[in-house]
Amino acid sequence: MTSSNWPPKARGYFAIGAERSSKALNLGNLMRSAHAFGASFTFTIGAQYQALEARADTSKGHWHLPHYNWENPADMILPKGCRLVGIELIDEAVDLPSFRHPLQAAYVLGPERGSLSDALLERCDFTVKIPTSFCVNVAMAGAIVMYDRVKSLAPFAARPISEGGPQGDAGSARPDQHRRGRSGG
């Protein structure tokens with residue numbers, strides 16, 4: 001794959017956002033990851049003013065993709081056919097590794113030190129959980145979900161049965177390098 005084809009483009013489109021976000025650094029990291037993973041837009045619902053500054057977004061994602069600020073879940077207007085996917089660590093949520101991502105999706109995460117509101121959960125078409133023992137940082141959870149989406153919907157080669165990458169890939173080690181590592185030492 002040449003650099004002009006990298007990274008592989010996943011089918012469909014997606015957006016990612018957070019409800020009641022209060023930490024500018026977390027939102028900035030989420031927006032930076034969204035830009036890197038190819039999101040179509042980002043959003044917040046009921047964010048505190050400081051969170052909208054998103055100082056950690058060093059990629060300046062707001063220059064490259066739209067960002068929407070909604071006051072509450074009732075104000076959200078998603079494109080026709082876009083499925084809302086809540087990311088929440090609740091018993092009835094589907095485990096992320098078992099979830100088939102919609103081609104058109106908007107993923108929403110809850111606030112730091114909180115959960116998605118009941119009003120937002122009612123709007124969700126699906127609720128998904130990351131299989132962890134406890135909640136992780138909002139920005140990290142968003143990156144995990146976006147990685148899983150890209151891995152699921154982009155045209156990557158299948159993983160081999162043995163260690164390493166697909167045969168012929170620059171990232172796969174030669175058979176004599178498996179025990180010694182990539183440097184050969």
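Predicted model: local features only at pLDDT ≥ 70, side-chain atom pairs only at ≥ 80, totals over all residues.
Which residue in strand 6 is the bridge partner of I16?

1. The bridge partner of I16 is Y107, a residue of strand 6. Strand 1 and strand 6 pair in the parallel sense, and six bridges join them.

2. These strands belong to an open sheet of seven strands with parallel pairing, arranged in the order 3-2-1-6-4-7-5. Strand 3 and strand 5 (94–95) form the edges, each pairing on one side only.

3. Helix 1 comprises 14 residues, 24–37. Its span from first to last C-alpha is 20 Å, close to the 20 Å expected at 1.5 Å a residue. Just after helix 1, G38 adopts a positive phi of about 90°.

4. The buried residues of helix 1 are A24, N26, L27, G28, L30, M31, S33 and A34. In an α-helix there are 3.6 residues a turn, so residues three or four places apart point the same way. The buried residues of helix 1 pack against strand 1 (13–19), strand 2 (41–45), strand 3 (67–70), strand 6 (104–109) and helix 3.

5. Helix 3 spans residues 138–153 and contains D148.

6. The side chains of D148 and H101 are joined by a polar contact of 2.6 Å. With neighbours within four places in sequence left aside, D148 is in contact with L96 and H101.

Technical notes. Residues numbered from 1 in each chain as written. Heavy atoms only, no water. Helix = DSSP H or I, 4+ residues; strand = E, 2+ residues; numbered from the N terminus. Polar contact = N/O pair within 3.5 Å; in protein donor to acceptor, adjacent residues only side chain to side chain. Contact = heavy atoms within 4.5 Å. Expected span 1.5 Å × (residues − 1). Buried < 20%, exposed > 50% of the residue type's maximum accessible area, 1.4 Å probe, protein only. Pairing = 2+ DSSP bridges.
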